[in-house]
Amino acid sequence: MKAKEIQELIDFIAKSGLNKVNIETEEFKISVKRDPDQKVTYVKGAEPAHQAAPAPVAAPQAAPAPAPAAPAPASDESKYVAIKAPMIGTFYRASSPDTPMFVNVGDEVKKGQVICIIEAMKLFNEIESEVSGKIVKVLVDNASPVEYDQPLFLVDPS
């Protein structure tokens, strides 16, 4: 991959709003990650005023850096169990806009009960509760993008 192609890839990522891209071919493996809070401004005919992403890692067969661990819940919420997203996608609290939500705050859930849907690559995946208990808090807005291992719900298992 040439330097110009790498720069075009970085520009594409900055404009698309993506936070991370991994590309792997027989010849190389590249991982580009950017800070999602970072703002990018461009001046026509000049270098970017602020770099959109750190220098890409372009080592043959190099493994991407592991994802950072999720922050621990606040101490007053330590008795609650977080149900986390098993994949990247779009979080939905109901199967369609005209149907009731799977669960609401205060609802009792059982292990294996469907609690939400995550859409990934045009596939709708039913997410089941990993614990039995009472829903204490919904941590994600409906129709919002979620990351892998992002907490979705807090459940009081008692």
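Partly exposed, as used here, means a relative accessible area between the buried limit of under 20% and the exposed limit of over 50%. That cut-off comes in handy for Ala143, which has 44% relative accessibility and so counts as partly exposed. Keep in mind that this is a predicted model.

**Overall build**
- Take the contacts in the protein chain with a separation of 6 or more: 55% of them link residues 24 or more positions apart.

**Surface and burial**
- The protein chain has 158 residues, and 26% of them are buried.
- Its accessible surface comes to about 10700 Å², with carbon and sulfur atoms supplying 55% of that.

- As background, most residues other than glycine have a negative phi.
- Lys122 isn't a glycine, yet its phi is positive, at about 65°.
- You'll find Lys122 in the loop that joins strand 6 (114–120) to strand 7 (123–128).
- Lys122 counts as exposed because its relative accessibility is 70%, and the cut-off for exposed is over 50%.
- Ala143 also has a positive phi without being a glycine, with a value near 65°.
- Ala143 sits in a loop too, the one between strand 8 (133–138) and strand 9 (144–146).

Note on methods. Residues numbered from 1 in each chain as written. Predicted model: local features only at pLDDT ≥ 70, side-chain atom pairs only at ≥ 80, totals over all residues. Heavy atoms only, no water. Buried < 20%, exposed > 50% of the residue type's maximum accessible area, 1.4 Å probe, protein only. Contact = heavy atoms within 4.5 Å. Areas by Shrake-Rupley, 256 points an atom, 1.4 Å probe, with all protein chains shown as cover. Helix = DSSP H or I, 4+ residues; strand = E, 2+ residues; numbered from the N terminus.
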